[in-house]
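Please look over the sequence and the structure shown below before reading on. The report that follows takes up a few local features and then widens its view.

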Amino acid sequence: MTVASPIEREWRRHTPRQRLARFALYFGLVAACVVSLRTVQFVPEFLYDAPEQMADLLRRMWPIEWAHYPKGVHEALIETLHIATLGTLLAIVMAVPLGLLAANNITRHVGINYLAKLLLVSSRSVNSLVWALLFVAIFGPGALAGTMAIAFRSIGFVGKLFGEAMEEARQGPIEALRSAGAPWGSIYLKGYWPQVEPAFWAIALFRWDISVRESAVLGLVGAGGIGMAIDSAMNLFQWERVALMLVAIFAVVILAEIAVTFLRKKII
Amino acid sequence: MNAAVTARPPAFVPNWPARIAWIALALYAGYATSILDVSWARFVTGVDNGIRFVGRMLPPETEASKMTLMLRGIYETLEIAVLSSALGIMLSLPIGLLAARNLMPPWLTWPTRLLIALCRSFHQVIIAILFVKAVGFGALAGILALTVASIGFIAKLFAEAIEEISAKQLEAIRATGAPFMNVILYGVLPQVLTRFVGFATYQFDSNIRNSTMVGIVGAGGIGGTMFAAFQKFDYDYLLTILLAIIALIMVSESLQNWVKKVYQ
């Protein structure tokens, strides 16, 4: 009689398997942190004088060179906004068909669904800076490379979310239209579109907000916009100008966020 | 009788504001494209360049000394991701708690929320530039930059999750006379722990992605090696590094799925 009677059995929240998995996770986490801490290379002397260096940086940044704004910043800032907006628009144009191909209630073919999803995943897993590097090599430095980078990075994001929104559309209105003999154009325009429209605008605005932030750094690899101005100012140690550009980016990001919040309330 | 039927409004009313918005969007797209000076000739040379570019990328570099250099870069990238996530998660817990408006007084939540917004508003690479100046080239700058970015993301979502919890459990624990720390430990944390784990794993994943990039401005990791290969037109080595980064991201993504399953 080795089996414990039910009354003596101790109640535990997790099965042994779950406990083992959690233990493995904690162990792995601690091990990863310890190993990284022991092997990471940094010079302690740099850390000691970090406050001093930071103070020096701020001193060099002050006073902010406001006079430079109309000369070298305004144009680059507008270019950044154009890169973000046009890139997002281009991404939407390419992502909507891909999203339709990836949605299994629109395209009833598992192979095509899978292929479209693969394309969307590969677009997302390459960072926008890497996309920018590739397009700079193809189109040369400039805003065109930046626009393409933003577009190709955004396709995966927009396409995935749009495809999922299409999959969640209710079938009732679609069936009603179909049984009334509506052509396929009407089915999409009057059946699917009104259902996915709020999601579509939410995705587009969200992505545009992210694109504005990302397009500000694409210039560091030569893909146009304010990043290029920052890069050259930094290389010449003109920190007063760098400070001005950082303030400008901050203002644009905040304004973009306010605009997105406003439009979201208005449209959705 | 018949008149009432015919007077019924049409099923699909034309939405003029929306149509005008669409037309404006199309006009903008045309205008912005004209600024970019995209021409057919440029497109053709671009395609030509693209083919040559891909041709020079193939086959990927596999020379032993460059492979060890790349592996060292990947290893440093992982170190940056692990340490910045650990530091970011640890700091986000208290900061997120301080920013929750249902637990803390307004004079505490407002400054904290401002701090979080400041952490969020700049791209990681720009923060990395500032830290490279402060602590010099190397992994430490990357760790600090990604820590700041992690705080901006996790602390914000954590605060929002806390604001959504049910107040009944808090009341029950307060009614037993529990001190403040116990209210947090037994009333708040059990309600938000799963979501916090979700945010943390998501942030670890995005830290891995971003730690491959901060090297471009000299903040350590594989990004520096990659950017150097790009600037030296060493495109076949660039392809090797890109493939390694994509493999790293895929491993990290499956790891994220596993952690989510453990904690669901």
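## Loops, helix pairs and the contact between chains

In chain A, the loop between helix H3 (50–61) and helix H4 (69–102) holds Pro63(A). The model described here is a predicted one, and in it the peptide bond that joins Trp62(A) to Pro63(A) is cis, with omega at about -5 degrees. Chain B also has a cis peptide bond, from Leu58(B) to Pro59(B), where omega is near -10 degrees, and Pro59(B) lies in the loop between helix H3 (40–57) and H4 of chain B. A further backbone feature belongs to chain A, where Phe237(A), although not a glycine, has a positive phi of about 55 degrees; this residue sits in the loop between helix H10 (226–235) and helix H11 (239–267) of chain A.

| Helix pair | Angle between axes | Separation of axes |
|---|---|---|
| H4 (residues 64–99) and H9 (residues 180–211) of chain B | roughly 150 degrees | within 9 Å |
| H5 (residues 106–121) and H7 (residues 139–163) of chain B | about 135 degrees | 7 Å |

The axes of H4(B) and H9(B) cross at roughly 150 degrees, and H4(B) is therefore roughly antiparallel to H9(B), since angles over 145 degrees are counted in that way. The crossing in which H4(B) passes H9(B) is right-handed. On the H4(B) side the residues that take part include Thr77(B), Leu78(B), Ile89(B), Leu93(B) and Leu97(B), and among those they meet in H9(B) are Ile184(B), Leu189(B), Phe196(B), Phe204(B) and Ser211(B). Sorted by class, this contact of H4(B) with H9(B) has 13 nonpolar and five polar residues, with no charged residues.

For H5(B) and H7(B), which pack at an angle of about 135 degrees, the arrangement is therefore oblique, and their crossing is left-handed. Arg113(B), Ile116(B), Cys119(B) and Arg120(B) are the H5(B) residues in this contact, and they meet residues of H7(B) including Val148(B), Ile151(B), Phe153(B), Lys156(B) and Glu163(B). By class, the contact of H5(B) with H7(B) has six nonpolar residues, one polar residue and four charged residues.

Note on methods:
Residues are numbered from 1 along each chain as its sequence is written. Chains are lettered from A and ligands numbered from 1 in the order in which they are written. This is a predicted model: local features need pLDDT of at least 70, side-chain atom pairs count only at pLDDT 80 or more; totals for chains, interfaces and linings use all residues. Side-chain values use heavy atoms; hydrogens and water are left out. Axes are lines fitted to C-alpha atoms, for helices over the stretch in contact, and angles run from 0 to 180 degrees between N-to-C directions. Helices (H or I, at least four residues) and strands (E, at least two) are DSSP runs, numbered from the N terminus. Angles under 35 degrees count as roughly parallel, over 145 as roughly antiparallel, 65 to 115 as roughly perpendicular and the rest as oblique. A crossing is left-handed if the near helix is turned anticlockwise from the far one by less than a right angle, and right-handed if clockwise. Contact means heavy atoms within 4.5 Å. Ala, Val, Leu, Ile, Met, Phe, Trp, Tyr, Cys and Pro count as nonpolar, Asp, Glu, Lys and Arg as charged, and the others, Gly among them, as polar.
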